There are 2 protein chains.
Amino acid sequence: MAERSLVFPAEEYRGRVARLQAGMAAAGLGALLLTAPADVFYVTGFLTRFWESPARPWFLLVPASGSPVAVMPSIGAELMGRTWIGEILTWDAPDPEDDGVSLLAETLAAMVPERGRIGLPMGLETHLRMPVRDFRELERRLAPRAFADATACVQRVREIKSEAEIAKIRASCAIAGRAFARVPEIAGAGRPLDAVFRGFQRLLLEEGADWVAYLAGGAGPYGYGDVISPAGPQPLVRGDVLMLDTGAVREGHFCDFDRNFSIGPASDLARQTHAALWEATEECLQALRPGMLARDVHGMLCAGLRRRGAEPGGGRLGHGLGLSLTEWPSFAPKDATPLRPGMVLTLEPGAVLRPGCIMVHEENIVLRAQGAELLSPRAPADLPEIA
Amino acid sequence: MAERSLVFPAEEYRGRVARLQAGMAAAGLGALLLTAPADVFYVTGFLTRFWESPARPWFLLVPASGSPVAVMPSIGAELMGRTWIGEILTWDAPDPEDDGVSLLAETLAAMVPERGRIGLPMGLETHLRMPVRDFRELERRLAPRAFADATACVQRVREIKSEAEIAKIRASCAIAGRAFARVPEIAGAGRPLDAVFRGFQRLLLEEGADWVAYLAGGAGPYGYGDVISPAGPQPLVRGDVLMLDTGAVREGHFCDFDRNFSIGPASDLARQTHAALWEATEECLQALRPGMLARDVHGMLCAGLRRRGAEPGGGRLGHGLGLSLTEWPSFAPKDATPLRPGMVLTLEPGAVLRPGCIMVHEENIVLRAQGAELLSPRAPADLPEIA
């Protein structure tokens with residue numbers, strides 16, 4: 001177990017902390033308080049599925065200089081002790097009288113001067129993973145120290161992936177790619193959709209996923225109603241377009257892409273829509289460059305679809321990816337995040353076939369100085385048919 | 001898909017809302033704001049793995065009287081439209097300028113009078129799944145309306161499971177029970193632990209799990225270091241105690257129990273510890289009654305272990321279960337929650353074999369007026385051996 005709890009050498013984490021601290025210095029922050037699974041994993045390498053239990057909060061503090069401090073339930077001390085983190089303060093959680101608040105307040109008070117500011121991600125795509133009541137008490141105890149929004153401070157660092165991170169995400173993409181190649185083993189006319197979902201998760205595990213954090217999809221003759229539904233028991237029928245979209249995890253790193261399949265011969269509309277999605281993606285893969293804004297990619301994909309007679313649909317048309325299924329930015333009309341080399345992103349154009357019926361196509365890439373480099377094995381240009 | 005998105009008939013959900021509203025009336029709440037996956041699922045039947053994406057908040061409002069209102073990203077409207085919820089207000093998320101805050105504030109302002117109070121779970125084992133920045137803005141816009149802690153209001157209702165819910169949890173337990181019975185197919189000396197974890201997830205899927213939300217475990221000659229670790233590549237060796245602990249999900253309902261196995265003949269200490277854990281659990285199964293407090297169960301399990309020469313360890317010794325891997329209360333020294341008929345609970349005694357080495361045993365039960373009724377197939381009294 002010891003070898004796997006530290007996903008990267010300690011040097012990787014030290015570099016991350018140095019980059020966070022540079023941002024903290026620029027923002028005038030005396031400490032950073034992190035509570036979200038991906039943020040804690042990013043700094044520490046602490047990898048567990050125990051986040052699935054909402055019972056306990058976990059706190060990771062990054063001081064203005066020096067090493068991070070974990071303030072956490074004692075049940076995790078053994079596992080955190082196998083990471084590079086040296087200072088681990090624990091309490092027995094859940095404690096209805098004081099669920100780590102005193103320990104956290106004391107630790108922060110010693111770290112940050114009275115007129116100092118404590119950074120906390122408070123913005124878009126963040127949550128505070130601790131009870132609101134406890135956060136209010138923490139604010140009261142730490143006053144006059146104030147909490148300040150550290151969303152940008154964290155996101156500008158995390159969004160640039162190291163080569164080591166990129167290699168891990170590429171490995172997760174390869175696992176899903178091999179599983180998608182085997183979909184004809186588990187899908188076909190007459191197979192219930194929920195059995196297909198179970199079978200696909202089995203394929204992902206066989207191909208090397210540590211676990212399958214996400215699987216959604218749908219099936220219908222003109223695409224599917226949405227891209228977030230679990231499966232029902234209805235059998236696939238000839239003429240259906242089947243879509244599977246997975247976030248498989250290997251060593252804590254996600255892929256997130258989908259594939260479409262036709263059950264028997266596809267309708268002309270489904271084939272044409274798949275071609276439009278594939279070609280709009282291809283165009284974007286060629287054109288993507290650092291310096292573009294996130295919303296430019298949205299515009300590019302929409303224009304590419306419309307030129308091919310397809311109507312864009314399905315929400316944002318891509319997003320960041322890495323330590324969680326989705327990360328910022330969003331390929332959406334209002335997102336002005338500049339794209340930079342080292343960002344790992346999904347291109348996810350969707351198109352409306354009929355009212356309430358869409359098809360979505362997705363690839364994962366890393367942005368390089370010279371343009372996009374695929375991490376997912378490229379989907380076939382023609383909608384594949386399962387006999 | 002339609003059939004599966006509403007797990008129960010609408011009548012089940014109407015009863016839940018009526019019980020929540022009774023508690024809200026007693027607490028003087030004009031509305032309830034829910035943001036957590038299990039709370040939203042409880043009221044609506046909205047079942048999706050899309051919660052894995054931290055990008056978007058989802059809001060469910062329960063008014064003082066009348067039907068709930070969903071305020072949510074448009075990407076989920078199709079799926080929510082297949083539940084019993086009639087009023088679904090949407091925005092295109094994530095929106096960096098206004099990620100649903102205006103829509104939510106307007107809806108709450110129309111629902112709650114100016115001097116009214118809005119209930120929000122803020123206490124132990126809760127999180128607010130929306131950005132802190134947006135919550136602060138929401139508070140500002142809704143003033144003089146105030147937010148009040150609704151943790152007890154929600155927990156006292158959710159913790160009493162209906163017969164329909166109990167049947168679903170029992171089904172998840174049965175799936176895990178069948179998978180545990182097949183562990184000899186996938187585990188044995190020389191098999192890497194991570195391959196065993198993958199194999200066990202495959203068994204859970206084959207036995208009917210929709211997905212495997214949680215798997216942890218460990219292996220060692222005197223037990224394992226903790227119960228939250230992912231697997232590493234080290235092979236099992238003769239004399240190891242292997243433990244697998246799973247939260248498998250069927251139709252949105254969890255089981256949460258573990259099983260221990262000896263790889264080849266077990267040491268005397270491991271066999272004796274397993275026997276002590278099994279017998280302390282058996283004693284508790286016989287003695288458990290409504291009216292006891294959560295901390296009484298902790299005391300009972302500790303005493304049962306000590307009488308058999310085992311030292312209690314491993315954190316809380318059980319907890320609630322149902323719509324998430326863990327629910328309140330905690331079988332821990334300070335938890336004074338009264339046990340009531342209809343509660344679904346885990347009994348999870350742990351014992352220390354050597355410094356840093358524990359064994360944990362777990363069963364799932366429903367508490368009836370006359371005592372505990374097992375939901376998990378009872379573990380064998382003797383530590384099972386895999387040849």
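Trainee: Is Phe50(B) buried or exposed?

Mentor: This is a predicted model. The cut-off for buried is under 20% relative accessible area. Phe50(B) has a relative accessible area of 9%, so this residue counts as buried.

Trainee: Are the rings of Tyr214(A) and Phe50(B) stacked, tilted or edge-to-face?

Mentor: The ring centres of Tyr214(A) and Phe50(B) lie 6.1 Å apart. Planes under 30 degrees apart count as stacked and those over 60 as edge-to-face. The planes here stand at 55 degrees, so the pair is tilted.

Trainee: Which parts of the two chains hold Tyr214(A) and Phe50(B)?

Mentor: The pair crosses between chains. Tyr214(A) belongs to strand E7 (residues 211–220) of chain A, while Phe50(B) sits in the loop between helix H3 (37–44) and strand E2 (59–63) of chain B.

Trainee: How much area do chain B and chain A bury between them?

Mentor: The contact involves 78 residues of chain B and 78 residues of chain A. Of the area buried, 57% is on carbon and sulfur atoms. The total is about 6,800 Å².

Trainee: How many salt bridges does the rule find across the interface of chain B and chain A?

Mentor: One salt bridge joins Asp95(B) to Lys334(A), with the closest N and O atoms 2.7 Å apart. That lies within the 4 Å cut-off. Across the interface, the rule finds 10 salt bridges.

Trainee: Which element gives the most to the side of chain B that touches chain A?

Mentor: Elements giving two or more residues to that side include helix H6 (132–142), helix H9 (193–206) and strand E7 (211–220) of chain B. With eight residues, the most comes from E7(B).

Key:
Residues numbered from 1 in each chain as written. Chains lettered and ligands numbered in written order. Predicted model: local features only at pLDDT ≥ 70, side-chain atom pairs only at ≥ 80, totals over all residues. Heavy atoms only, no water. Contact = heavy atoms within 4.5 Å. Buried area = accessible area lost by both parts, 1.4 Å probe. Salt bridge = Lys/Arg side-chain N within 4 Å of Asp/Glu carboxyl O. Helix = DSSP H or I, 4+ residues; strand = E, 2+ residues; numbered from the N terminus. Phe/Tyr/Trp six-rings, centres within 6.5 Å; stacked < 30°, edge-to-face > 60°. Buried < 20%, exposed > 50% of the residue type's maximum accessible area, 1.4 Å probe, protein only.
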